Amino acid sequence: MFSNLKNQPVDKIMQVMAKFRADPRPNKIDLGVGVYKNALGVTPVMRAIKQAEHKLWEEQETKAYVGLVGDPAYSDAMIKLVLGDAVAREKIGAAATPGGTGAVRQAFEMIKMATPEARVFVSNPTWPNHISILDYVGLECVQYRYFDAETRSVDFGGMMADLDGLRAGDIVLLHGCCHNPTGANLTLEQFGAVIEVMNAKGAIPMVDIAYQGFGDGLEEDAAATRLVASSVPECLIAASCSKNFGIYRERTGLLMCVSQDAAKTPLTQENLAFLNRQNYSFPPDHGARLVSMILNDDALKAEWMSELEEVRLGMLGLREQLAGELARLTNSDRFNFLREHRGMFSLLGTGPDMVELMREKNGIYMIPDSRMNIAGLNKETVPLLAKAIVEAGI
Ligand code: LMR
């Protein structure tokens, strides 16, 4: 049997992670996988998470199963965090999932069950695993133009022209904030125009929101998702707690099915439970419980929000420093896009050969498409990166 297996395509992000680990150079710089790191290069357990874990250890008396869609208190807290009061609770079916990736996978499976002929429109580029999972699940994927390689901002004209090809029932995958991999984001007005075209065509949005709080702030980063959820008949939302709660390995995500027709909620809820049961039965609870403990406790929530804000401002400071350093070295403003981009990533906009050159020569690790994790930098390494970029002639 095993000899029938084929070799699988390599996930570029995992490959960069492995290469970085194997590199013995002490001054290597990791701008690869999307994991936040502080100035010391550490991915800390957030203060509020530590406190919640301590409390949980003291108070939790059982590890028995919770429920197929997870703890309702977690769903309620996350729905409030992501959607605020944009949509009434009874219009939302929700299930805890193993991480944001679990939510994305379950969403694709739900699309496949409901409308197997639907095409899923994704931005070019998008998180590579979107395309890989779509292919695995057996859904047709169509790319829409998104990134203008010249300006390193959104090619909105191209995007709208490509969305004109939508058919009724197609899905449009949007990044709620902090676009991965580009860092270039639609304005709220542009989201409004995208909503109009989706509604006119009868297409259904799916929002992937994995970096809420990493861009302009918790509320600001949720604004586009809220606008979508309140302006369309139906949508799917995949949310992740990996980054904003720093609980990557706990695998904590949520899939939401929003329908303006609240009578559909029991059906979406039942299907979410079914999909969980088929794929892994009960979703992980530890991370989800910590998240709901934090979001339901004023003091813990305030502590979490203040640390998240430190993280966000730290990344903005690094963006500012890098753009400034590059402006100084090149005597131009062509790297100003680094200031405009939001979230953990920026797509530098160069080819894999230049990325490889910087890896070999400078020990700087980016994804081959030139995605850089800004949080992998610190005040000392920013000038080294700027120099390497200029020396590579980018
Ligand atoms: C990334 O884009 O680097 C992260 O979302 C981690 C992953 O799973 O790819």
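Student: Let's start with strand β3, residues 119–124: is it largely enclosed by the rest of the structure or open, and how many of its residues are buried?
Tutor: This is a predicted model, where local features need pLDDT of at least 70, side-chain atom pairs count only at pLDDT 80 or more, and totals for chains, interfaces and linings use all residues. Residues are numbered from 1 along each chain as its sequence is written. Strands (E, at least two residues) and helices (H or I, at least four) are DSSP runs, numbered from the N terminus. A residue is buried if 20 or more other C-beta atoms, placed from the backbone, lie within 10 Å of its own. β3 is largely enclosed, because of its six residues the number buried is five.

Student: Which residue of β4 is the bridge partner of Ser-123?
Tutor: Two strands pair if DSSP finds at least two bridges between them. β3 and β4 (residues 140–145) run parallel and are joined by six bridges. In β4, the partner of Ser-123 is Tyr-144.

Student: And in β7, what is the bridge partner of Phe-121?
Tutor: β7 covers residues 171–175 and pairs with β3 in the parallel sense, over two bridges. Across from Phe-121, the β7 partner is Val-172.

Student: Which helix makes a β-α-β unit with β3 and β4, and is the unit right-handed or left-handed?
Tutor: Point the strands away from you: a crossover is right-handed if the path from the first strand over the helix to the second runs clockwise. The unit here is right-handed, and its helix, residues 128–137, is α5.

Student: Is Leu-348 buried or exposed?
Tutor: Leu-348 is found in the loop between β11 and α13 (352–362). Leaving out residues up to four places away in sequence, Leu-348 touches Ser-370, Met-372 and Ile-394. Leu-348 has 25 C-beta neighbours inside 10 Å, so it counts as buried.

Notes:
A residue is buried if 20 or more other C-beta atoms lie within 10 Å of its own, exposed if 12 or fewer, and partly exposed in between; C-beta atoms are placed from the backbone. Two residues are in contact if their C-beta atoms, placed from the backbone, lie within 7 Å.
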